[in-house]
Amino acid sequence: MSLSSASPFLSSESTKILTRALPWDSYQRAGIVSQGDVQLVQSTPNFEKSKPQDKDQGLTKYAELYTKLLGSLSRNEPIQFVLASTEKLLAGDETRFQLFYSLDQGDLLISDETKSKPPSIYTGLSRHLNSQDRFISLMEDPSSPPSSIISSLLVQISRLLHSTPPTEILNLALFALSSALRAQDVRKELWRSESSDGADEEKPVDGLVKVLEAKKPGNGNGNGNGNGNGYGDPQTLYLVALSLWQATFDADFAKGIVEKYPIIPLLGETLKIAVKEKVTRVIVATFRNLLTQAPEESLPPMLLYKLGLLEFLDSQSAKLKVQSDDEELKEDVEWLREELKKGSEGMTTYDEYITEIQSGQLTWSPLHTSDDFWRENASRLNEKDYEGLKRLVQLLISRQEVEVLAVAASDVGKYLKFCDTGKSKAQELGAKAKVMELMSHPDSDVRYQALSTVQRFMSQSW
């Protein structure tokens, strides 16, 4: 599917551009295009009406022309015309892509006075990736791009994701990302770009996560008509999930995104509000990819008490048997259910707690407030060279989310209350210094929990 066929906005803009008169003769006099280029451009309206045998020869000429012009033009209006014309040429028959690939390989020669080899189609496209013109930047959608332009392509898509665009534009950016992620090199570069230096750079994966975080219905105009930034639009959610599904075929991406972002809770929440079966299908498939590619990192957050993923899948399984003919979805749901059941078998309340702190998604579940739980299990945080305590303090020190900070501060206080020997180790790990810092946190609950835990540090025996 082409971008314009996927977007009423681009389709409408393309129609306007192709019917707009341009001063090609002036461009020729300025030396921007040749006389042969102008003659071919001006004959464009008659091309589709030509005889089949003439059309085959014309296709080659137009592919050569558009490739050449993308590599040489700098003014927005003629670039818009070339992109719209190229899109129209390809929309009629996608096998025509091969014409441009052949040019890229040097199999064809430009049919003008110079008879020179045309520039690479990707070289021409990459020149305009950072264009400030919205139509031009959105039409730059090279599928299976060469390695030389992958980084620039991801930067442009990332900028669109972070710019809070209207739903129509957001979906175009996501469609372009999904198209590019068909290539393995793009999947690998996607995570490399996320891990690269430059804390202030806008990263594409971070952009996808922000879209999911803003997905609640009613957040803007979620009707997908392009008049608002309603990230709750079902097509938006589908395209985000589709991109994540494609990316999680790469093991480094799967492991990295689970460790860095709350992606599993976000997808789990999205799954529960999904109104389209295609959204359900692709999220379930993404979960399967994550468990396959990064099982150690992915299983704990999938078993979280609050997420209730296993219970949701149980209900979905019964529903799908009656209401769906999608055998692949049914198979993925059953596979996930079995994996989660195996992972949860024999879990104690302490195992549930460790699963939660390993996931990094601390919430006010009953375990955190139960004195009985902490009386029985506080000292177990000292097992395996204080592995549990180290993870808890790491969350306290490294995370920014208000609820995570409040729960972690409370948990450290509970640990100090019920583990008489734990104070020195907790202080050594940096817990005391952090909770003292959090006493001036903007959130009142974080301040309260930090103050309570500081009092434990001050009063508890060593």
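Hi everyone, let's start with Thr355, which counts as buried because its relative accessibility is 9%, where buried means under 20% relative accessible area with a 1.4 Å probe and protein chains only. Thr355 sits in helix 22 (residues 349-359); helices here are DSSP runs of H or I, at least four residues, numbered from the N terminus. Leaving out residues up to four places away in sequence, Thr355 touches Pro300, Leu303, Leu304 and Met347, with contact meaning heavy atoms within 4.5 Å.

A word on the model: it is predicted, so local features need pLDDT of at least 70 and side-chain atom pairs count only at pLDDT 80 or more, while totals for chains, interfaces and linings use all residues. Residues are numbered from 1 along each chain as its sequence is written, and side-chain values use heavy atoms, with hydrogens and water left out.

Now the cores. A nonpolar core is a set of buried Ala, Val, Leu, Ile, Met, Phe, Trp, Tyr and Cys residues joined through side-chain atoms within 4.5 Å. The largest has 85 residues, and Leu244, Ile257, Ile263 and Phe287 touch the most other members. Helix 12 (residues 167-180) contributes the most to this core, eight residues. Apart from it lies another core of 34 residues, including Phe418 and Phe457.

Which residues does Ile257 touch, not counting those up to four places away in sequence? They are Trp191, Val205, Leu244, Ile263 and Leu290.

Finally, what lines the second largest cavity? Its lining is Val258, Tyr261, Pro262, Ile263, Ile264, Pro265, Pro301, Ser359 and Gln361; a cavity is a set of points on a 1 Å grid over the protein atoms alone where a 1.4 Å probe fits but cannot get out, and lining residues have an atom within 4 Å of a point. Helix 17 (residues 263-273) gives the most to that lining, with three residues. Thanks, everyone!

How values were computed:
1 Å grid on protein atoms, 1.4 Å probe; cavity = no way out; pocket = protein on both sides within 12 Å on 5 of 7 lines; lining within 4 Å. Helix = DSSP H or I, 4+ residues; strand = E, 2+ residues; numbered from the N terminus. Buried < 20%, exposed > 50% of the residue type's maximum accessible area, 1.4 Å probe, protein only.
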